[in-house]
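Welcome! Here is a friendly walk through a structure that may be new to you. Take a moment to look at the picture before reading on.

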Amino acid sequence: MLVQMAVERAALRLKLSAVKDGEEAIDYLLGRSKFADRNTHPFPKMLLLDLKMPRVNGFDVLDFVRQQPSLKQLPVVIFSSSDDPKDIQRAYDGGANSYLCKPHSNEDLSALLRALEEYWVKFNHFPSCH
Amino acid sequence: MKKTEHILLAKDNEDYALLFRRALKSARIDASLDVVHDGQEAVKYLAGTDDYADREKHPFPKLLLLDLKMPRMDGFEVLSAVRQRLGFTRLPVIVLTHSDNPADVRRAYELGATSYFRKPDSLEGLDEMIHVLHAYWLKFNHFPE
């Protein structure tokens, strides 16, 4: 929610879909249950993934994505409030492309989102997963 | 950014390496750069063998910027050596290449590339790319140990 507001405020060229937990993230990526309509819920260019989520956590989602042939090339950027080295190691070991820590202030969040947009949207080329 | 971060650039073109170095300097980016000119050298550097055994002189990089077309061993072969043979699964590897062929993009990600950039054609483009690389990786990204 905070991210969505910050994206809008910074007028970034990002279209953001948000899901509330790991189970929904997996449903979204697979395009099933309430995310079956790809016109309303397009397959993403990348996944911004929190680690601490109810039901299915971020590490579980990451493992799932990397094990699915149809999803394994999807760039996954961890976006977490944890800067615990153990979490960072585990995320990279699990195949995360990058690890960002949630900033504490709105200004820092805007700066981070701007860097994220410039890097991933403007410069990065994505694989054609779907 | 507190300490100097180390970047390894694997690129066979000496002129490009010079331009890259100049762009880092003019952006006042506090990062040191080592350049290797083919894929075999890149693998030796990362493995810390032969000429690269001294980690004081040739520190293990935070980031690898990897061209695809290189003599002896190309970027794809380097990627699979890095991810599989050497087992460096945590090192961010950014492909930096002329090709925007979807088959190349796909293959690079399949082999474990972290990200894929098309090399800018102009000096301004190079400056901008270096600025963006720096802002994202060296200011915001958290690296594994």
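A compact globule of 145 residues would have a radius of gyration near 15 Å, and chain B, with 14 Å, agrees with that. Please keep in mind that this is a predicted model.

Let us stay with chain B for a while. Its C-alpha trace spans about 35 × 35 × 30 Å along the principal axes. Five helices and five strands make up its list of elements, and along the sequence they come in the order β-α-β-α-β-α-β-α-β-α. Of the 145 residues in chain B, 54% count as buried. If you take the contacts in chain B between residues at least 6 apart in sequence, 65% of them join residues at least 24 apart.

Now turn to chain A. Here you will find five helices and three strands, and reading along the sequence gives the pattern α-α-β-α-β-α-β-α. The radius of gyration of chain A is 14 Å, close to the 14 Å that the globule rule gives for 130 residues, so chain A is as compact as a globular protein of that length. Its C-alpha trace spans about 35 × 35 × 30 Å along the principal axes. Buried residues account for 48% of the 130 residues in chain A. Among its contacts with a separation of 6 or more, 54% are between residues 24 or more positions apart.

### The pockets

The table sets out the volume of two of them.

| Pocket | Volume |
|---|---|
| Largest pocket | about 1,100 Å³ |
| Second largest pocket | about 490 Å³ |

Which residues lie nearest the centre of the largest pocket? They are A:Leu16, A:Ser17, A:Ala18, A:Leu47 and A:Leu48, out of a lining of 38 residues. Four elements of chain A give two or more residues to this lining, namely α1 (2–9), α2 (22–30), β1 (47–49) and α5 (106–123). The largest share, six residues, comes from α5(A). Sorted by class, the lining of the largest pocket holds 27 nonpolar, five polar and six charged residues.

The second largest pocket is lined by 22 residues, and those closest to its centre are A:Arg66, A:Gly95, B:Arg83, B:Tyr109 and B:Gly112. Elements from both chains take part: α4 (85–93) of chain A, along with α3 (75–85) and α4 (102–110) of chain B, each supply at least two residues of the lining. By class, the lining of the second largest pocket divides into eight nonpolar, eight polar and six charged residues.

### A closer look at one serine

To finish, zoom in on B:Ser99. You can find B:Ser99 in the loop between β4 (93–97) and α4 of chain B. Is B:Ser99 buried or exposed? B:Ser99 has a relative accessible area of 11%, so this residue counts as buried, because the cut-off for buried is under 20%.

What does the side chain of B:Ser99 reach? At 3.1 Å lies the backbone nitrogen of B:Asn101. Leaving aside residues up to four places away in sequence, B:Ser99 touches B:Asp104, B:Tyr116 and B:Arg118.

Note on methods
Residues are numbered from 1 along each chain as its sequence is written. Chains are lettered from A and ligands numbered from 1 in the order in which they are written. This is a predicted model: local features need pLDDT of at least 70, side-chain atom pairs count only at pLDDT 80 or more; totals for chains, interfaces and linings use all residues. Side-chain values use heavy atoms; hydrogens and water are left out. On a 1 Å grid over the protein atoms alone, a cavity is a set of points where a 1.4 Å probe fits but cannot get out, and a pocket is an open set with protein on both sides within 12 Å along at least five of seven lines; lining residues have an atom within 4 Å of a point. Grid points are joined across faces, edges and corners, and a volume is the space filled by probe spheres set on the points. Ala, Val, Leu, Ile, Met, Phe, Trp, Tyr, Cys and Pro count as nonpolar, Asp, Glu, Lys and Arg as charged, and the others, Gly among them, as polar. Buried means under 20% relative accessible area, exposed over 50%, partly exposed in between (1.4 Å probe, protein chains only). A polar contact is a pair of N or O atoms within 3.5 Å; within protein, one must be able to donate a hydrogen and the other to accept it, and residues adjacent in sequence count only if both atoms are side-chain atoms. Contact means heavy atoms within 4.5 Å. The radius of gyration is taken over C-alpha atoms; the globule rule is 2.2 Å times the number of residues to the power 0.38.
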